[in-house]
Amino acid sequence: MDRLDRDILGILQGDARISYRDLGARVGLSANAAADRVRRMLRDGVIRGFTTLVDPAADGRPGLVVFIDVTLRLDTKGEDFEKAVLKLPGITEVVHVTGEHDYLVRARAADPAALDALLRMLKRDAGVAQSNTRIALRAARG
């Protein structure tokens with residue numbers, strides 16, 4: 001990866017729907033050259049995919065969007081946790097993080113009872129020793 005690839009990644013992270021023409025113009029390449037670089041980064045696994053971020057309050061689906069800080073039990077390997085947690089209902093993202101906790105888990109739960117069940121499953125089935133949960137109220141848009 002060179003400076004142009006990093007510039008392209010930065011632009012795509014801000015607007016993944018940008019046209020190749022506009023992307024190329026912003027980094028000084030033709031549309032075809034920009035598209036070739038994006039395709040190469042997709043093929044090489046640098047770009048793992050594209051996603052749509054939705055404001056939890058605006059998507060119309062009932063329920064809670066939660067962020068769960070997770071600390072693993074000492075006998076739990078990160079890879080085992082990742083495999084186990086991705087099988088649980090409502091999990092939308094699992095991120096290995098630095099700091100006080102081992103992982104940040106984003107999930108959706110129908111109601112507080114479903115959230116309680118999910119937290120119990122994390123501890124019972126995924127090797128979680130401790131968790132701290134926050135509920136999303138709304139998301140700011142830039």
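The following questions and answers concern a predicted model.

Residues are numbered from 1 along each chain as its sequence is written. Local features need pLDDT of at least 70 and side-chain atom pairs pLDDT 80 or more, while totals for chains, interfaces and linings use all residues; side-chain values use heavy atoms, without hydrogens and water.

Visitor: In what order do the elements of the chain run from the N terminus on?
Guide: Helices (H or I, at least four residues) and strands (E, at least two) are DSSP runs, numbered from the N terminus. The chain has five helices and four strands. Their order is α-α-α-β-α-β-β-α-β.

Visitor: What radius of gyration does the chain have, against that of a compact globule of 142 residues?
Guide: The radius is taken over C-alpha atoms, and the globule rule is 2.2 Å times the number of residues to the power 0.38. Along its principal axes the C-alpha trace spans about 55 × 35 × 25 Å. A compact globule of 142 residues would have a radius near 14 Å, but the chain has 19 Å.

Visitor: Which residues form the aromatic pair, and what is the angle between the planes?
Guide: Rings of Phe, Tyr and Trp (its six-membered ring) pair if their centres lie within 6.5 Å; planes under 30 degrees apart count as stacked, over 60 as edge-to-face and the rest as tilted. The structure holds one such pair. It is tilted, with 4.6 Å centre to centre, and is formed by Phe81 and Tyr103 at 45 degrees.

Visitor: How many residues apart in sequence are the parts that this pair ties together?
Guide: Buried means under 20% relative accessible area, exposed over 50% and partly exposed in between (1.4 Å probe, protein chains only). Phe81 is buried at 0%, and Tyr103 is buried at 3%. Phe81 lies in helix α4 (residues 78–85) and Tyr103 in strand β3 (residues 103–109), so the parts tied together are 22 residues apart.

Visitor: Within what arc do the buried residues of α4 fall?
Guide: The arc is that of the directions from the helix axis to the C-beta atoms. The buried residues of α4 are Phe81, Ala84 and Val85. They line one face of the helix, because seen down its axis they fall within an arc of 90 degrees.

Visitor: Which exposed residues does the face of α4 turned away from its buried side carry?
Guide: What covers the buried residues of α4 includes β1 (64–72), β2 (91–96), β3, α5 (112–125) and β4 (128–135). The face turned away from the buried side carries the exposed residues Glu79 and Lys83.

Visitor: What do the buried residues of α2 pack against?
Guide: In helix α2 (residues 20–27) the buried residues are Leu23, Gly24 and Val27. They fall within an arc of 95 degrees seen down the axis, so they line one face of the helix. The face turned away from them carries the exposed residues Arg21, Ala25 and Arg26. By contact (heavy atoms within 4.5 Å), the buried residues pack against α1 (3–14) and α3 (31–43).
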